[in-house]
Amino acid sequence: IGPEDWAFEQALHTRAPWRAAQAMRHWRIGYNAGGPHKYTDTTATNPQFRIRVPSGNHEKAHIVVAVAQNYECYRSRNEEESEIGFSIYQIPHNMPRLTSQFVSENDPLDVAPLTRIREIATFFALPPGDFVVLPHTLQHREGKFLLRIFADQHADVWEVNEDNMIIPNAAIDFPEDRLHDAVTFYCY
């Protein structure tokens, strides 16, 4: 799925170029495999990706969020794909990282429910503001995933890492051998 898949949507024809961010990551038990939003104590440990739609925008930003689990060709026939999904929360501008307290007190803006599928994608029209995307699998389940976020207008996208640090362009900050862990940015 990509921006070209929305070519038949007339409202999107005047918007160009599409911008994209992608990150290849993995959930690890005891570290960042916090499960879906119903696990309010642990879901904030999932990887977090921030989207900021600037306040100067008069129209909503059209955003596509897609989470795909890693395909492993050596997977046995008896081994099934994991259930994957994601939650998106609107958060205050000054909040550096989604917390368990915030999750327990606020409902997500939207949820892509756990589904046993290779890739799940959802289309959003987001107003100006700050949002956090939490890709997840079942609680305490390991797995690799690819997150892609497409926007039809300027929207800042970055990863919030475990130390609550913001990495606006992670590909610059990592040595060459760690580029596969970086968030990469593209324009379409």
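Which residues is Gln 48 in contact with, leaving aside its neighbours within four places in sequence? In this predicted model, Gln 48 is in contact with Arg 97, Leu 98, Val 132, Val 133, Leu 134, Trp 158, Glu 159 and Val 160, where contact means heavy atoms within 4.5 Å.

## Basis of the model

This is a predicted model, in which local features need pLDDT of at least 70 and side-chain atom pairs count only at pLDDT 80 or more, while totals for chains, interfaces and linings use all residues. Residues are numbered from 1 along each chain as its sequence is written, and side-chain values use heavy atoms, with hydrogens and water left out.

The protein chain averages a pLDDT of 78, and 71% of the residues score at least 70, pLDDT being the predictor's confidence in each residue, from 0 to 100. Over residues 163-188 the pLDDT is below 50, although this stretch has 52 contacts in the model beyond near neighbours in sequence. Where pLDDT is low, the predicted coordinates should not be read in detail.

## Overall fold

The protein chain holds two helices and eleven strands, and along the sequence these follow the pattern β-β-β-β-α-β-β-β-β-β-β-α-β. Helices (H or I, at least four residues) and strands (E, at least two) are DSSP runs, numbered from the N terminus. Among contacts between residues at least 6 apart in sequence, 80% join residues at least 24 apart.

Of the 188 residues in the protein chain, 43% count as buried; buried means under 20% relative accessible area, exposed over 50%, and partly exposed in between (1.4 Å probe, protein chains only). The accessible surface of the protein chain comes to about 10200 Å², of which 51% belongs to carbon and sulfur atoms, with areas taken from the Shrake-Rupley method with a 1.4 Å probe, and for residues only the protein chains shown count as cover.

Gln 48 is found in strand 2 (residues 48-53) and counts as buried at 0% relative accessibility. A polar atom of its side chain lies 2.9 Å from the backbone nitrogen of Leu 98, and Leu 98 is also one of the residues in contact with Gln 48.

Val 67, in strand 3 (residues 61-69), is buried with a relative accessible area of 0%. Val 67 and Glu 119 are 52 residues apart in sequence and 5.6 Å apart in space, C-alpha to C-alpha. His 62 also has its place in strand 3 and is buried, with a relative accessible area of 13%. The side chain of His 62 makes a polar contact with the side chain of Asp 152 at 2.8 Å; a polar contact is a pair of N or O atoms within 3.5 Å, where within protein one must be able to donate a hydrogen and the other to accept it, and residues adjacent in sequence count only if both atoms are side-chain atoms.

## Aromatic pairs

A search of the whole structure finds three aromatic pairs. Rings of Phe, Tyr and Trp (its six-membered ring) pair if their centres lie within 6.5 Å, with planes under 30 degrees apart counted as stacked, over 60 as edge-to-face and the rest as tilted. The rings of Phe 86 and Phe 124 have their centres 6.3 Å apart and their planes at 65°, so the pair is edge-to-face. Phe 86 lies in strand 4 (residues 83-91) and Phe 124 in strand 6 (residues 119-126), so the pair ties together parts that are 38 residues apart in sequence. Phe 86 is buried at a relative accessible area of 1%, and Phe 124 is buried at 7%.

For Tyr 89 and Phe 102, the ring centres are 6.4 Å apart and the planes stand at 70°, so this pair is edge-to-face. The pair links distant parts of the chain, with Tyr 89 in strand 4 and Phe 102 in helix 1 (residues 100-105), 13 residues apart. Tyr 89 is buried, and so is Phe 102.

## Salt bridges

Side chains of opposite charge can pair when their charged atoms come close. With a salt bridge taken as a side-chain nitrogen of Lys or Arg within 4 Å of a carboxyl oxygen of Asp or Glu, the count comes to five salt bridges. The side chains of Asp 130 and Arg 52 meet in one of them (2.6 Å, N to O), and this pair links distant parts of the chain, Asp 130 in strand 7 (residues 129-137) and Arg 52 in strand 2, 78 residues apart. Asp 130 is buried, with a relative accessible area of 4%, whereas Arg 52 counts as partly exposed at 22% relative accessibility. Arg 50, Arg 52 and Asp 130 are linked in a network of salt bridges.

Glu 119 forms a salt bridge with Arg 148, the closest N and O atoms being 2.8 Å apart. Glu 119 lies in strand 6 and Arg 148 in strand 8 (residues 143-151), so the pair ties together parts that are 29 residues apart in sequence. Glu 119 is partly exposed, with a relative accessible area of 28%, whereas Arg 148 is buried at 17%.
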